[in-house]
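Subject: Handing over a structure

Hello,

Here is the structure I promised to pass on. Please have a look at it first, then read my notes below.

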Amino acid sequence: VVISGPATDPALTGNWNFKGATIAGSMPVIPNVQITLTFNNDGTFNGFGGCNNYNGGYNLTGQTTEFGKTITIGPIASTKMYCADTADLESKYLANLQYTKTYSITNNKMLLRGSGLNELSYDKV
């Protein structure tokens, strides 16, 4: 018997603006570029990575760890434009997003945590 977790979390769904990251091997921040992430009620997500639009699916397991609620993200598909100023940032961002293991939300601020100490932080729009 497979028991699936909740399909959605009302605190998670909606629009988020990327605010920064704590990444082993730093992740540069590019001024005047707003990276976005939207979680939809149907288990899909989409956003803008600084140059390309991206989308994919997510699954909530219903489990909680010391770092937050567990989630799997991906695979991620994106458009394939090349932007010299943002290509490195975007590829690092999408790679870290796809390796997200947990999320936690407090006061309209979200942390997505991957393996190790990698964190992506967002503010609710």
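Where does V33 lie? V33 is in the loop between β1 and β2.

First, the ground rules. This is a predicted model, in which local features need pLDDT of at least 70 and side-chain atom pairs count only at pLDDT 80 or more, while totals for chains, interfaces and linings use all residues. Residues are numbered from 1 along each chain as its sequence is written, and side-chain values use heavy atoms, with hydrogens and water left out.

**Overall fold**

Helices (H or I, at least four residues) and strands (E, at least two) are DSSP runs, numbered from the N terminus. The order along the sequence is β-β-β-β-β-α-β-β-β. The strands make a closed barrel of eight, β1-β2-β3-β4-β5-β6-β7-β8, with antiparallel pairing. Neighbouring strands of this sheet are turned by 35 degrees against each other on average, direction ignored. Two strands pair if DSSP finds at least two bridges between them.

The helix α1 lies across β1, β2, β3, β4, β5, β7 and β8. It runs at about 135 degrees to β5. Axes are lines fitted to C-alpha atoms, for helices over the stretch in contact, and angles run from 0 to 180 degrees between N-to-C directions.

Of the 125 residues in the protein chain, 37% are buried. Buried means under 20% relative accessible area, exposed over 50%, and partly exposed in between (1.4 Å probe, protein chains only). Contact means heavy atoms within 4.5 Å. Among contacts between residues at least 6 apart in sequence, 56% join residues at least 24 apart.

**Two hairpins**

β2 and β3 pair in the antiparallel sense over four bridges. L37 has G47 in β3 as its bridge partner. The two strands form a hairpin with four residues between them. G43 in that turn has a positive phi of about 85 degrees.

β3 and β4 are antiparallel too, over five bridges. Here N46 has N55 in β4 as its bridge partner. This hairpin also has four residues between its strands, and G50 in the turn has a positive phi of about 110 degrees.

Strand β3 (residues 44–48) has two faces. F45 and G47 are on the covered face. T44, N46 and F48 are on the uncovered one.

**Core and aromatic rings**

The largest nonpolar core has 23 residues. Such a core is a set of buried Ala, Val, Leu, Ile, Met, Phe, Trp, Tyr and Cys residues joined through side-chain atoms within 4.5 Å. L37, F39, F45, Y93, L97 and Y122 have the most contacts inside it. The largest share, four residues, comes from α1.

There are six aromatic pairs. Rings of Phe, Tyr and Trp (its six-membered ring) pair if their centres lie within 6.5 Å; planes under 30 degrees apart count as stacked, over 60 as edge-to-face and the rest as tilted. F39 and Y58 form an edge-to-face pair, 5.0 Å centre to centre with 85 degrees between the planes. F39 lies in β2 (residues 36–39) and Y58 in β4 (residues 53–65), so the pair ties together parts that are 19 residues apart in sequence. Both F39 and Y58 are buried.

F45 and Y54 form a tilted pair, 6.2 Å centre to centre with 55 degrees between the planes. F45 is buried at a relative accessible area of 2%. Y54 is buried, at 2%. F18, F39, F45, Y54, Y58, Y93 and Y122 form one aromatic cluster.

T70 is in strand β5. Is T70 buried or exposed? T70 counts as buried, at 12% relative accessibility. Leaving out residues up to four places away in sequence, T70 touches N59, L60, T61, G62, Q63, T65, K101, T102 and Y103. Also in this part, two bridges join β5 to β6 (residues 102–106), which run antiparallel. The bridge partner of K69 in β6 is Y103.

Back to V33. V33 counts as partly exposed, at 25% relative accessibility. Apart from neighbours within four places in sequence, V33 is in contact with G50 and T86. The C-alpha atoms of V33 and F48 are separated by 9.6 Å, and these residues are 15 apart along the chain.

Best wishes
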